[in-house]
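Please examine the sequence and the three-dimensional structure shown below.

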Amino acid sequence: MEIQSSLTAYKSLLESYGISGNLLGVFISLLVVVVTAVLWKLFFGGKAQRTGVLLAGLSDSGKTILFTQLISGVVKETHTSLKENEAQYIVEPNQGKTLTVVDLPGHEAIRLQYLEKYKDNARGIVFVVDSGSFQKNVKDVAEFLFQIFTDKQLNKIAPSICIACNKQDLFNSKTKTVILNQLEKELNTVRKTQSAALSSTSGGGEDSVFLGRKEEDFQFSHLSKFKIEFLECNAKPGLEESANVNLEELKMWISSLI
């Protein structure tokens, strides 16, 4: 009733200036279109413009081999990358849809520098984990993930994130379920350590957000905005005949970004 009364009042006001009620209807329709367009731009427009798929992770996790497999479908001998690799990845050949895949260096001294360089264009992030050496590297993996998950800009644009548990052909490789559970525990520890460090300094944490929910142990489900998905893959054929390249699930995930 209040809305109807307001519209009647506006209609009377416009008619007092010689403006017909029909023109009011046109004005309201145009206003709805403009507001809808603005809201779509705010919530969906930014993602539509972002075309980057960033391959992140520690050195020797297999990012570069995974990159060459995705782009060219072949295995090439690689060395520890000290600069990025970038190429167009054809997602749907028949429709000409492509994304820009960027292999970021994993060396601790420079990885955040390259993440900073490319994060604004990130539509998705593939964080590559060496499933074979995960047990000894879990702390470093968790610390890098913590930096990604608490980055203020990444929280703003919220790219989809995939944790790719690579090197599944190794006899000592951990499953995605084991890696997920151990990372939750380790990220909880890293959060406590980082929070204590920030509380002891003034002005800290301005470019980061709190990880997960306060007063609760960390769970990946707390980061629903990133639509985090764990999957198992193998970018390089092993010595055993059964150890084939397995990237189909990852390719499907990348296709889902379109």
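## Two helices side by side

In this predicted model, the axes of helix H4 (residues 111-118) and helix H5 come within 12 Å and cross at roughly 30°. Angles under 35 degrees count as roughly parallel, and H4 and H5 are therefore roughly parallel to each other. The crossing in which H4 passes H5 is right-handed.

## The kinked helix H5

Helix H5 covers residues 134-149. A straight helix of 16 residues would span 22 Å at 1.5 Å a residue, but the end C-alpha atoms of H5 are only 19 Å apart. Where is the kink in H5 centred? The kink, of about 35°, is centred on Asp-140.

Several residues of H5 are buried, including Phe-134, Val-138, Val-141 and Leu-145. Phe-144, Ile-148 and Phe-149 are also among the buried residues of this helix. An α-helix has 3.6 residues a turn, so residues three or four places apart point the same way.

## The sheet and its edges

Six strands form an open sheet in the order S2-S3-S1-S4-S5-S6, and their pairing is mixed. Strand S2 (85-92) and strand S6 stand at the edges with a single partner strand each, so one side of each has no neighbour in the sheet. From one strand to the next, the twist averages 25°.

## Strand S5 and its neighbours

Strand S5 pairs with strand S4 (residues 122-130) in the parallel sense over seven bridges. Strand S5 is also joined to strand S6 (residues 229-232) by four bridges, and these two strands run parallel as well. Ala-164 takes part in both pairings: Ala-164 is the bridge partner of Val-128, and the bridge partner of Ala-164 in S6 is Leu-231.

Is strand S5 largely enclosed or open? Seven of the seven residues of S5 (residues 160-166) are buried, so the strand is largely enclosed by the rest of the structure. In a regular strand the side chains alternate between the two faces of the sheet. In S5, Ser-160, Cys-162, Ala-164 and Asn-166 point one way, whereas Ile-161, Ile-163 and Cys-165 point the other way. The residues of both groups are all buried.

Technical notes:
Residues are numbered from 1 along each chain as its sequence is written. This is a predicted model: local features need pLDDT of at least 70, side-chain atom pairs count only at pLDDT 80 or more; totals for chains, interfaces and linings use all residues. Side-chain values use heavy atoms; hydrogens and water are left out. Buried means under 20% relative accessible area, exposed over 50%, partly exposed in between (1.4 Å probe, protein chains only). Two strands pair if DSSP finds at least two bridges between them. The expected span of a helix is 1.5 Å times one less than its number of residues. The bend at a residue is the angle between axes fitted to the seven residues ending there and the seven starting there. Axes are lines fitted to C-alpha atoms, for helices over the stretch in contact, and angles run from 0 to 180 degrees between N-to-C directions. Angles under 35 degrees count as roughly parallel, over 145 as roughly antiparallel, 65 to 115 as roughly perpendicular and the rest as oblique. A crossing is left-handed if the near helix is turned anticlockwise from the far one by less than a right angle, and right-handed if clockwise.
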